[in-house]
Amino acid sequence: MLNVQKSQFFGSIDRSGRMTTDPKREFGESGAAQQRFLSLFLRSEREVFRYVAALVPNVTDAEDIVQQTAISLWEKFDAYDPSQPFTPWACRFALNKTRQWIERRQRWQALLDHGLAEELAQRRQELQPDFEQRLKHLEGCLGKLPQDQRSLIEGYYYERTSIETLAGRSGRSEAATYKMLQRIRHALQVCVEARIQPDLA
Amino acid sequence: MNLPFPSPEFDHVAAAVCHGSATEAEMQGLNELLRSNADARDQYLFQVELHSRLASNPDLFSQFQDTNDRISLPASKLGSQRNVVPLNPVRTPARRRLKVVLAVAACLVLIAGGIGALWFKRSENGATSAAVAMLTRTVDARWSPKTHPLGVGSALEPGSLHLESGLAQIVFYSGARLVIEGPVELRLVSANEAVCVSGRVLAEVPTPARGFRLRTGQLSVVDLGTSFGVSASQSRTEVHVFKGKVELQPGKAGEQSLAEGQAALVQGSELPQLMAANPEAFAPMFEFQERSLASEAVRYDQWRLSSAQLNRDPSLVLRFDFENLSDLDSTLPNKAARTGQGEDGIIVGCQRAEGRWREKTALEFQSVNDRVRLAVPNEFRAMSLSVWVCLKGLDRDFNSLFMSDGFDPGTVHWLIRRDGVLGLTVFGPRFGKYQILASPPVSSLENLGMWQHLAVVIDGKAREVVHYVNGSPVSRHALTISPPFRVDGAELGNWNARAGPNPEPSLIRNLSGSLDEFELFSRALSDAEVRELYLKGKPDL
């Protein structure tokens with residue numbers, strides 16, 4: 001009895017066109033695909049995140065977009081050619097998702113309009129080797145920060161503590177806390193660039 | 001807005017974009033600058049890159065972790081939050097995902113090995129066994145010959161476990177989780193009690209399992225919603241509290257409570273000697289616990305991915321995933337993508353609770369008022385209902401899973417009876433005509449506190465009703481009522497009897513327990529499909 005309404009979700013249909021009825025086999029196959037996907041995706045996730053963040057730097061927003069990207073990647077995973085690298089494939093989806101996401105948000109449109117999104121994505125690609133070179137010193141530079149700055153950076157980026165809480169903890173205002181984060185990043189930038197000098201010489 | 005470069009204004013706006021606090025005017029100004037000035041664009045890209053590295057690479061912070069809040073507990077800072085090693089740290093989605101990255105290599109192996117083995121071991125009528133716990137995870141575990149051969153997924157009945165070396169995690173049906181480190185002898189007494197004869201045990205007891213009791217030769221530790229470690233031998237017991245509070249009940253002396261960061265040593269019949277808790281002594285067990293949390297996160301991620309697919313099933317009328325519910329939410333969104341038939345559910349009362357995984361939300365039904373109201377106007381030739389439920393008790397004669405209001409023609413009532421029978425009532429085209437399709441008892445008390453998958457398929461064409469528990473059919477019945485079937489107004493976890501303000505007891509049918517997923521399909525799922533729903537949603541590997 002063939003049910004014409006068979007869903008996509010359960011769609012393992014064997015060669016003779018019947019639904020497979022062996023649940024073990026059915027799950028074995030989709031389970032294996034899931035594992036393959038998960039393993040590829042998790043390896044690329046940070047890179048995809050940075051790709052998105054180059055366009056939408058706000059961390060929670062970028063994470064939302066990455067999450068949506070993951071879902072559409074999984075949905076289109078059948079179309080993925082395993083002989084090709086996964087990350088660029090994933091980044092193409094991420095760019096699309098980012099575009100869709102921006103469409104509904106006027107503020108971000110203002111930032112990325114007139115082709116700037118594509119230009120940024122493109123230029124970032126070109127600068128990648130240079131960024132790698134500079135940022136390999138980031139960990140060392142973090143280690144050199146004074147204790148209070150280190151714990152602020154750690155609270156914001158690693159523990160993901162809210163700005164209200166961080167401000168409350170240090171007795172600063174929220175605006176001052178943001179300012180402090182900006183200054184620390186600036187200090188880190190100066191530090192990694194100072195370290196790069198000998199390499200260039 | 002005209003933004004000069006280089007300038008403090010530029011630095012400010014670039015930072016504000018990273019923090020998500022930039023105004024539209026600022027963003028527009030930045031857009032104009034970046035399109036016209038290549039240096040500014042490169043500078044901006046680098047600043048953003050530095051920001052996104054910090055946000056996406058937790059390894060950068062590993063050096064701080066080692067010096068700050070790991071495993072070291074100077075006695076002077078006893079009880080200070082910062083120095084307590086959290087067993088169940090509150091993690092943002094981002095942190096969790098990054099944890100997942102670290103854990104994935106190990107976990108994929110577990111996934112590959114776990115699914116088949118677990119399924120087949122658990123399938124043999126778990127409902128009537130005397131099991132009180134389950135072995136959920138091991139690392140290099142070597143069991144003594146005195147212990148029956150155990151594999152991950154083995155159901156554990158009361159009795160002794162001897163682990164010679166390695167680590168193992170045991171989840172009690174009450175929800176308490178123990179990690180044991182060999183050499184250790186542990187005696188399981190009930191879903192709520194165990195005896196550590198000798199060796200080291202790390203216990204984590206979530207709120208529903210409060211009151212879990214761990215005994216040793218010298219004393220009893222009664223958990224008050226905590227994590228604690230016990231190290232026992234014949235003549236001495238150490239109890240270390242890492243989170244929350246426990247109550248010590250030494251043989252004859254009075255009770256004593258121990259707070260977070262405290263530890264006690266009891267030797268012979270002496271009074272307990274207080275000291276500082278020492279997480280270092282339990283370090284391998286904490287690490288093991290961390291890893292298992294990470295693999296739980298992988299399981300949750302897998303479920304979310306398959307959820308996204310399931311939502312697109314064209315025969316899906318209603319799907320509630322109970323995700324991200326806050327106390328303020330009063331609607332339960334219908335996630336079925338293509339139908340547009342089912343409306344959102346309305347949450348009345350109910351507590352927000354933990355679902356199958358720590359980061360998943362569920363709704364807990366407890367009082368007679370708690371319910372999710374919904375309405376589906378369509379008629380169906382066939383229906384399939386599927387739910388993930390964690391029962392707390394079978395308090396009523398009839399405990400509602402999903403029941404249409406009243407007794408209208410063509411509607412259905414799906415419920416669990418007090419004696420553990422799954423029941424489906426289908427009402428015929430005329431008032432007074434109905435058919436009850438009841439399974440044999442399947443849900444004995446020992447399943448309380450465990451997440452279970454229940455499903456029922458009503459096939460109008462084949463004239464058959466099938467009940468399922470955890471993916472397996474438990475009974476098949478010929479159906480005498482003919483389609484169409486309807487839902488109309490209905491409730492999850494309760495029933496609107498339309499019987500006036502003081503209904504008689506048999507008409508009170510509220511559920512005691514939590515739900516964290518529900519589906520209604522407009523067709524009859526096959527056995528294989530129901531099983532797949534179960535496999536895709538089952539909490540552990």
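Mentor: Welcome! Let's start at one pair of residues in this predicted model: B:W388 stands opposite B:H453 in β25(B).

Trainee: Happy to. How do strands of a sheet pair?

Mentor: Strands of a sheet pair through backbone hydrogen bonds, and the sense is either parallel or antiparallel. In our case, strand β20 of chain B, residues 382-393, is antiparallel to β25(B), with nine bridges between them.

Trainee: Which strand pairs with β25(B) over six bridges?

Mentor: That is strand β26 of chain B, residues 464-469, again in the antiparallel sense. Find B:I458 and you will see B:V465 of β26(B) opposite.

Trainee: What do β25(B) and β26(B) form, and how many residues lie between them?

Mentor: They form a hairpin with four residues between the strands. Look in the turn for B:R463, whose phi is positive, at about 55°.

Trainee: Is strand β25 of chain B mostly covered or uncovered?

Mentor: Mostly covered. Of the nine residues in β25(B), 451-459, eight are buried. Here, buried means that 20 or more other C-beta atoms lie within 10 Å of the residue's own.

Trainee: Now for another sheet feature. In what order do the eight strands of the open sheet in chain B come?

Mentor: Trace β15-β16-β19-β28-β21-β22-β23-β24, with antiparallel pairing. β15 (331-332) and β24 (434-441) of chain B each have a single partner strand, so one side of each has no neighbour in the sheet.

Trainee: How many bridges join β23 to β24(B)?

Mentor: Six, and the two strands run antiparallel; β23 of chain B covers residues 421-427. As a landmark, look for B:G423 opposite B:A438 in β24(B).

Definitions and conventions: Residues numbered from 1 in each chain as written. Chains lettered and ligands numbered in written order. Predicted model: local features only at pLDDT ≥ 70, side-chain atom pairs only at ≥ 80, totals over all residues. Pairing = 2+ DSSP bridges. Buried ≥ 20, exposed ≤ 12 C-beta atoms within 10 Å, placed from the backbone.
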